[in-house]
Amino acid sequence: MNKLKSYAASKRGRDTLLCFGIVIIAYIIVQAAIAGGGISSQIKGLLVPICAYVVMAISLNLTVGILGELSLGHAGFMSVGAFAGIVTTTCLADAIPLAPLRLAVAMVVAGLFAAIAGVIVGVPVLRLKGDYLAIVTLAFGEIIKNIVNVMYLGLDDAGLHFSLVNQNFQLGDGGKMIINGPIGVSGVTKLSTFTSGVVLILVTLFFVLNFVNSRTGRAVMAVRDNKIAADSIGISTSHYKLLAFVVSAAFAGMAGTLYAMNFSTVTAAKFDFNTSILVLVFVVLGGLGNIWGSIIAATLLTLLPELLRGLSNYRMLIYAILLIAMMLFNNSSFKVRLLEKRAMRQMEKAEKAGGKKEGA
Amino acid sequence: MAMLEVTSLGISFGGLRAVDELSMKIEKGGLVGLIGPNGAGKTTAFNMLTGVYRPTDGGIRLDGQNLIGKKPHEICKLGVARTFQNIRLFSQLSVLDNVKTGLHNQITYSFAESMFHLGSYRKKEKQMDEKAMELLRVFDLDGVADYKAANLPYGKQRKLEIARALATNPKLLLLDEPAAGMNPNETEELMETIEIVRKRFGVTVLLIEHDMKLVSGICEYLYVLNFGRLLAEGTPKEVLSNPEVVKAYLGE
């Protein structure tokens, strides 16, 4: 019993340690490299987007890997979070002068808004399965993009002004347009820093790993592995599906704020289908349900196009080839055989353990 | 009053009458068998009892409480647990986690405690570990507690499914062909385990089997289904000597 518990605990602990370890060590190395001047300005510009994509990948892994439902509209939640975050920071510019605190508050608000969007989408959509769910989430991503594209939001002394399709309000003196339809947002005060990005990753990891290693997370994985069986042992499947989906959406919203506050101009078109697919690629290549795999895949695949820049025209060709190579490795007979061997060993051990007891 | 009362239960799928006029009464603490040839409607009856299918007519009462129209997870909370003919484990979870998932509604803590791992999280998780190990020990599965459920040999998977069902602390345990695919030795061992479980956990058992010889060994009372209808009922001895039952199984 004691041995078993220590084994299970150590395995869980190892995964957690690995996740936090990767992030913290990467942070220290990058900071050292910045101090030593060993990082080009292009890569420096990528640091915050990488952090945002890592958070996106972790949060999508919750939906795709842990809950086992394919979502093709994750960028939609990122978009909701991005614009909610921008509006919050603009409104609070005077109230909270401290930049990191303002960013943190904006992220919380963005997370809440994305969570609400998650509930609105999740309630009807999670009744669907597989391909149908994928198609509806895809549509959701596009709908969000198009709504933000025709959204006008301004701030003046009288408060917030809002209209859809056409701008039908006039701002008072000193008023400021926050979201200006298809032009999007311009003149954002850049609040995101590499440090804030890493902090967001650590916070996301803390909550997501806690979630997975809890009663709630087990229930979600039970629904993934066998819905009927989960129902039969008293788990309300629709409730836990929605819960995982909403938590996933909330973190995507926070990633959206982090991402948006790194650029001076943000348009809705940035969070389109391509972004959703990109994040899905991170999750699939990092391994479904494998959190540290998502972190590494998101980092490498965001860096790769930049690192390959020297190859100019061949850049995207090599990128594609590398993607295919990774996919082939993930399904290669070599890896499959390795996994099979491990499963066989466990089975044999299980047989032996049983046999011994019966004999004794 | 009987613990489980089923009155003229019936279900139609389009034009097919899968189960018709099924009535059963099961007393608390009993070990009752539901037998019949392939396609007789045994599993369909289980699916109605557990809320997977909604019966077209008839009634189901557990300790006087109506079960018709309740969702499967609500019925489980009222004290009905089941296993499946084709094993349905949480294959990617460990053996221990499978049973801990069964304890979902027995030992609970809030969503906030899940997210922060604060409050009673540690205490409750420890309770779960202990309770789950206790159950695994009954089925001799404690040695493989940290294995992935999918990697267990077949016989152990069947046992794990029963352990998981018992974790929900049921009053009534429904076993759908627990001995399917087992060799005679394994079957005998399983029957002993069922007997032990019934005494130790004070649970009422209703089991499906189509091997009559087997069932007559441990069941106190049998219901025989054929073409969705109740063909006979009684003690194993009565049922086995019933010419109708013999005809249904062997043909004329």
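Start with chain B: a compact globule of 252 residues would have a radius of gyration near 18 Å, and chain B has 19 Å, so the two agree. That radius is taken over C-alpha atoms, and the globule rule is 2.2 Å times the number of residues to the power 0.38. The model on your screen is predicted: local features need pLDDT of at least 70, side-chain atom pairs count only at pLDDT 80 or more, and totals for chains, interfaces and linings use all residues. Residues are numbered from 1 along each chain as its sequence is written, while chains are lettered from A and ligands numbered from 1 in the order in which they are written.

**Stop 1: all of chain B**

Colour chain B by secondary structure and look for ten helices and ten strands. Here helices (H or I, at least four residues) and strands (E, at least two) are DSSP runs, numbered from the N terminus. Along its principal axes, the C-alpha trace of chain B spans about 65 × 40 × 35 Å. Of its 252 residues, 44% count as buried. A residue is buried if 20 or more other C-beta atoms lie within 10 Å of its own, exposed if 12 or fewer, and partly exposed in between, with C-beta atoms placed from the backbone.

**Stop 2: a hairpin in chain B**

Select residues 4-13 and 16-26 of chain B: these are strands β1 and β2, which pair in the antiparallel sense over seven bridges. Two strands pair if DSSP finds at least two bridges between them. The two strands form a hairpin with two residues between them, and B:Gly14 in the turn has a positive phi of about 60°.

**Stop 3: the six-stranded sheet of chain B**

Six strands of chain B form an open sheet with mixed pairing, in the order β6-β7-β8-β3-β9-β10. The edge strands are β6 and β10 (229-234), each pairing on one side only. Neighbouring strands are turned by 20° against each other on average, direction ignored. Axes are lines fitted to C-alpha atoms, for helices over the stretch in contact, and angles run from 0 to 180 degrees between N-to-C directions.

Next, select residues 42-49 of chain B, helix α1, which packs on the sheet and touches β3, β6, β7, β8 and β9 of chain B. The direction of α1(B) makes about 150° with that of β7(B). Residues are in contact if their C-beta atoms, placed from the backbone, lie within 7 Å.

**Stop 4: where the chains meet**

How many residues does each chain bring to the contact? Chain B brings 44 residues and chain A brings 33 residues. In chain B, α3 gives the most to the side that touches chain A, with five residues. The residues on that side of chain B divide into 19 nonpolar, 14 polar and eleven charged. Ala, Val, Leu, Ile, Met, Phe, Trp, Tyr, Cys and Pro count as nonpolar, Asp, Glu, Lys and Arg as charged, and the others, Gly among them, as polar.

**Stop 5: all of chain A**

Chain A has 13 helices and five strands. The C-alpha atoms of chain A fill a box of roughly 90 × 50 × 40 Å, taken along the principal axes. Of its 360 residues, 42% count as buried.

**Stop 6: the sheet of chain A**

Three strands of chain A form an open antiparallel sheet in the order β2-β1-β3. β2 (159-164) and β3 (176-180) of chain A stand at the edges, each with a single partner strand, so one side of each is left without a neighbour in the sheet. Select residues 151-156 to find β1(A), which pairs with β2(A) over six bridges. The bridge partner of A:Leu155 in β2(A) is A:Leu160. Helix α3 (residues 74-91) of chain A packs on the sheet, touching β1 and β3 of chain A.

**Stop 7**

Select residues 291-307 of chain A, helix α11, which has 17 residues and reaches 24 Å from its first C-alpha to its last. Among its buried residues are A:Trp292, A:Ala298 and A:Leu301.

Finish at A:Leu328 in helix α12 (residues 315-331) of chain A. Is A:Leu328 buried or exposed? A:Leu328 is exposed, because 10 other C-beta atoms lie within 10 Å.

Technical notes
Contact = placed C-beta atoms within 7 Å. Expected span 1.5 Å × (residues − 1).
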